[in-house]
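Thanks for coming. Please have a look at the structure on the screen before I start.

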Amino acid sequence: MKTLFYYCYYRIAQAYRSFNDNDYLDWGYFILYTSFMFIVFSIAVPVSYVLDKKLTKTTFVLMALPFVFFYVRTFFISEKCKMNLFKQLEKRYKNEPYKKLKGWLVAIYAFGTLALFHIMCILFVLKQT
């Protein structure tokens, strides 16, 4: 699981590096933690529907707090450590086959989590009103 986490982080950071060479290390963490947050939200919506509980803004904020904490925690990791990790991952995945396909799969995963959350909201939240 740790390898998958690092691979997704590496691909996201590498994609952002092609756009802007400044904050790509932080953007990798931000997008990855945001995708995890949307997965948790996507699970919470049908569970709340089944339990007949209404989700409020406070509930979403409370569910998002751990992910915000982990993201803010990355600001306290030195840029040198982040760069060392990125360089190690870059070295590990330098000659991997199907590099572009795997990059697109990570992009589909990131956008798919957002789409999944919206689909769950449409299916379950609109039924409650």
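Predicted model: local features only at pLDDT ≥ 70, side-chain atom pairs only at ≥ 80, totals over all residues.

Residues are numbered from 1 along each chain as its sequence is written, and side-chain values use heavy atoms, with hydrogens and water left out.

Helix packing comes first. Helices here are DSSP runs of H or I with at least four residues, numbered from the N terminus. Axes are lines fitted to C-alpha atoms over the stretch in contact, and angles run from 0 to 180 degrees between N-to-C directions.

Helix α1, residues 2–19, packs against helix α4, residues 79–92, at an angle of about 100°, and their axes are 10 Å apart. That makes α1 roughly perpendicular to α4, a term that covers 65 to 115 degrees. From α1, the residues Thr3, Tyr6, Tyr9, Tyr10, Ala13, Gln14 and Arg17 meet Leu85, Phe86, Leu89, Glu90 and Arg92 of α4. Contact means heavy atoms within 4.5 Å. By class, this contact of α1 with α4 has seven nonpolar, two polar and three charged residues. For the classes, Ala, Val, Leu, Ile, Met, Phe, Trp, Tyr, Cys and Pro count as nonpolar, Asp, Glu, Lys and Arg as charged, and the others, Gly among them, as polar.

How do α2 and α4 cross? Their axes come within 10 Å and cross at roughly 75°, and α2 and α4 are therefore roughly perpendicular to each other. Tyr24, Leu25, Asp26 and Tyr29 on the α2 side meet Glu79, Lys82, Met83, Leu85 and Phe86 on the α4 side. The contact of α2 with α4 has six nonpolar, no polar and three charged residues.

Now the two residues. Is Thr74 buried or exposed? Thr74 is buried, because its relative accessible area is 1%; buried means under 20% and exposed means over 50%, with a 1.4 Å probe and protein chains only. Thr74 sits in helix α3, residues 57–74. Leaving aside neighbours within four places in sequence, Thr74 is in contact with Tyr29, Tyr33 and Lys82.

Lys2, in helix α1, counts as exposed at 58% relative accessibility. Lys2 and Leu32 are 30 residues apart along the chain, and their C-alpha atoms are separated by 13 Å.

Last, the pockets. On a 1 Å grid over the protein atoms alone, a pocket is an open set of points where a 1.4 Å probe fits, with protein on both sides within 12 Å along at least five of seven lines; lining residues have an atom within 4 Å of a point. Points are joined across faces, edges and corners, and a volume is the space filled by probe spheres set on them.

The largest pocket holds about 630 Å³. Its lining has 22 residues, and Arg11, Ile12, Ala15, Gly103 and Ala107 lie nearest its centre. The largest share of that lining, ten residues, comes from α5. The lining of the largest pocket divides into 13 nonpolar, six polar and three charged residues.

The second largest pocket has a volume of about 160 Å³. Met1, Leu4, Phe5, Cys8, Leu32, Phe36 and Tyr109 line the second largest pocket. By class, that lining has seven nonpolar, no polar and no charged residues.

Definitions and conventions:
Helix = DSSP H or I, 4+ residues; strand = E, 2+ residues; numbered from the N terminus. Parallel < 35°, antiparallel > 145°, perpendicular 65-115°, else oblique.
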